[in-house]
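Student: I have a structure open and would like to learn how to read the places where its parts meet. Where do we start?

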2 protein chains.
Amino acid sequence: MTTDICSQSRRSPRDRIVDAARYLFRKHGIRGVGVDAIVDAACSNKMTLYRHFSSKDDLIVECLRRAGMEMDNYWRELEDAHPGDGLAQLRAWVRRIADHLGANDCNCELMSAAVQLTDEDHPARSVIKRFKDAQRDHVVELCRNAGVANAELLCDTLLLLIEGARLNQQSSGSEGPSARFAGIADAAILSFAGSSSVPE
Amino acid sequence: MTTDICSQSRRSPRDRIVDAARYLFRKHGIRGVGVDAIVDAACSNKMTLYRHFSSKDDLIVECLRRAGMEMDNYWRELEDAHPGDGLAQLRAWVRRIADHLGANDCNCELMSAAVQLTDEDHPARSVIKRFKDAQRDHVVELCRNAGVANAELLCDTLLLLIEGARLNQQSSGSEGPSARFAGIADAAILSFAGSSSVPE
DNA sequence: CCGAGGTGTTACAGATCGGTAACATTGGCG
DNA sequence: CGCCAATGTTACCGATCTGTAACACCTCGG
């Protein structure tokens, strides 16, 4: 319907399975979709899935790793679009998140996965934590490059606002507090950047 | 272990089941715990559960309704502790959330439930939405009472920060961005309250 | 043409899930 | 005591879940 993975029969079954899994995971939750539904949406079969992935958890890990890689690619796109301009990259990043709040093609996968995979020792947890740490480091660097004095503080403020907006979107809908996310986040950036040359 | 519901045999089986369900839902996720585990933790049995609740979904709804009622009680406690002082109630509310970020006895139930119950027509969705709307109205009223000019904006800022902090706690741990939540949120309150008598 | 590797099909195992029926047990109240 | 309602016990149903075994297919390089 929305993205007919079955019609992409020229792609490898492995890629179709991963894409179908990511789509269904976003739509029905990781625990709410079974491998049968995944291979059905991918126009493949269970045997092929288990020839590429040792278990469903292994497939989940691969899905999250791909989501992280796509995010890394987006960081590079931002750097290319605004080379050396951390402030512009930050604002473009926030604007993109605001624009994609309604759609489910965003990278909410990694955070909603953390809510759904409550087991502390699930193999995906390390993937999530590694991605989160890398993202934080990169945003801090952008803030510092933008001339913000307290880069860590702005970074954490933005991260809290972003994930709060994504979560609120799911519980309160588009007309809830997440509707004001773009303005709030951009105001925070400008507020910090404005007092850039005023340490303390 | 942590809270031995079984030893509270004087309480009604219904209450023990609901409490055990809420505890396990928080710990392993709504979809990650079965009715057998619930009645086992409650030292009851499946038949008694299904005599009180027509289905597992019905039990979920009751759990969320109780979480919402406890939140209403907390609003009343705040009003009693700081009668008529919206600013003090806001700051006490934020401080309490910050203190309870690590523990799982907070009311994250209603928001994490929204992530786990992806079906748009799940009976719990209306409970969640109703609670969220009421919470927003109440916080807006507190902001307005605190003399804040743009009460809705501060309310939504706080709501985004709070849910972002709770979500980040689960994916990045206690040392992540959520560690700075208390300072960020309190600064936001004071910033808005400071410019209270300066509309626009 | 032929053999081999990746793929698809069918069937099934073992476990767990939500939910129910029939019956035994308990505790409180007259 | 004896009754009654709530609760507990056991066994089970059908559906669904992850994961596997055996076998058929099909394409492509030598």
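Tutor: Start with one pair across the boundary between two chains. In this predicted model, Arg180(A) forms a salt bridge with Asp156(B), and their closest N and O atoms are 2.6 Å apart.

Student: How many salt bridges does the rule find across the interface of chain A and chain B?

Tutor: The rule finds two salt bridges there. Polar contacts between chain A and chain B are counted at 12 residue pairs. On the side of chain A that touches chain B, helix 8 of chain A gives the largest share, 15 residues. By class, that side of chain A has 13 nonpolar, 14 polar and 12 charged residues.

Student: What area do chain A and chain B bury between them?

Tutor: The size of an interface is often given as the accessible area lost when the parts come together. Here chain A and chain B bury about 3,400 Å², with 61% of it on carbon and sulfur atoms. Val115(A), Leu160(A) and Leu167(A) lose the most area in chain A, together 20% of what that side buries.

Student: How many residues surround DNA strand C?

Tutor: There are 17 residues around DNA strand C, and among the closest are Arg51(A) and Tyr50(B).

Student: Which atoms of Tyr50(B) and Lys56(B) lie by a phosphate oxygen?

Tutor: For Tyr50(B), a side-chain N or O atom is 2.7 Å from a phosphate oxygen of DNA strand C. For Lys56(B), a polar backbone atom is 2.7 Å from a phosphate oxygen of DNA strand C.

Note on methods
Residues are numbered from 1 along each chain as its sequence is written. Chains are lettered from A and ligands numbered from 1 in the order in which they are written. This is a predicted model: local features need pLDDT of at least 70, side-chain atom pairs count only at pLDDT 80 or more; totals for chains, interfaces and linings use all residues. Side-chain values use heavy atoms; hydrogens and water are left out. A residue is near a molecule or strand if one of its heavy atoms lies within 4 Å of it. A polar contact is a pair of N or O atoms within 3.5 Å; within protein, one must be able to donate a hydrogen and the other to accept it, and residues adjacent in sequence count only if both atoms are side-chain atoms. Buried area is the accessible area (1.4 Å probe) that two parts lose on being put together, summed over both. A salt bridge is a side-chain nitrogen of Lys or Arg within 4 Å of a carboxyl oxygen of Asp or Glu. Helices (H or I, at least four residues) and strands (E, at least two) are DSSP runs, numbered from the N terminus. Ala, Val, Leu, Ile, Met, Phe, Trp, Tyr, Cys and Pro count as nonpolar, Asp, Glu, Lys and Arg as charged, and the others, Gly among them, as polar.
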